[in-house]
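Here is a short report on the local structure of one protein model.

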Amino acid sequence: AVDFQWATNKFIEANLPNNTAITDLPPNIQQQISEFNDLYENVQIGDRYSLEYIPRIGIRLLLNDELLGICGMDMQLKEQQELARIIYSVWFGEEAPFSESMKK
């Protein structure tokens, strides 16, 4: 789980504007990123995470099709969309996606 948390933070920051860190984001976004990171569990070979953004519900993280949790449920729609954009930037960010092949 620690490796996923580290990678999430690293690639979020890599996709933020220059000289911007997670600590520069609004406190509610920082809190939700932290809560998202807390959802990660230790995995084994063959395990698969899934990420879903459902507007007005939140960002769901699943492990092997089992729901681990939902982040952003108490946020306004625009804030929720921004949180989803930031979290999805880990895999699909313009500047530094985790995997170019996954992005395609």
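## The hairpin

Asn64 has a positive phi near 55 degrees in the hairpin of β2 and β3, where two residues sit between the strands. Strands β2 (residues 58-63) and β3 (residues 66-71) run antiparallel and are joined by five bridges. Leu63 has Glu66 of β3 as its bridge partner. Strands pair if DSSP finds at least two bridges between them. Strands (E, at least two residues) and helices (H or I, at least four) are DSSP runs, numbered from the N terminus.

## Basis of the model

The model is predicted: local features need pLDDT of at least 70, side-chain atom pairs count only at pLDDT 80 or more, and totals for chains, interfaces and linings use all residues. Residues are numbered from 1 along each chain as its sequence is written, and side-chain values use heavy atoms, leaving out hydrogens and water.

## Helix packing

Helix α1 (residues 2-15) packs against helix α3 (residues 77-92) at about 100 degrees, with the axes 8 Å apart. The two are therefore roughly perpendicular (65 to 115 degrees). From α1, the contact uses Ala7, Thr8, Phe11, Ile12 and Asn15; from α3, Ile86, Ser89 and Val90. Contact means heavy atoms within 4.5 Å. Five of the contact residues are nonpolar, three are polar and none is charged.

## Thr8

Leaving aside residues up to four places away in sequence, Thr8 touches Phe36, Asn37, Tyr40 and Val90.

Methods: Axes fitted to C-alpha atoms, helices over the stretch in contact; angles between N-to-C directions. Parallel < 35°, antiparallel > 145°, perpendicular 65-115°, else oblique. Nonpolar A, V, L, I, M, F, W, Y, C, P; charged D, E, K, R; others polar.
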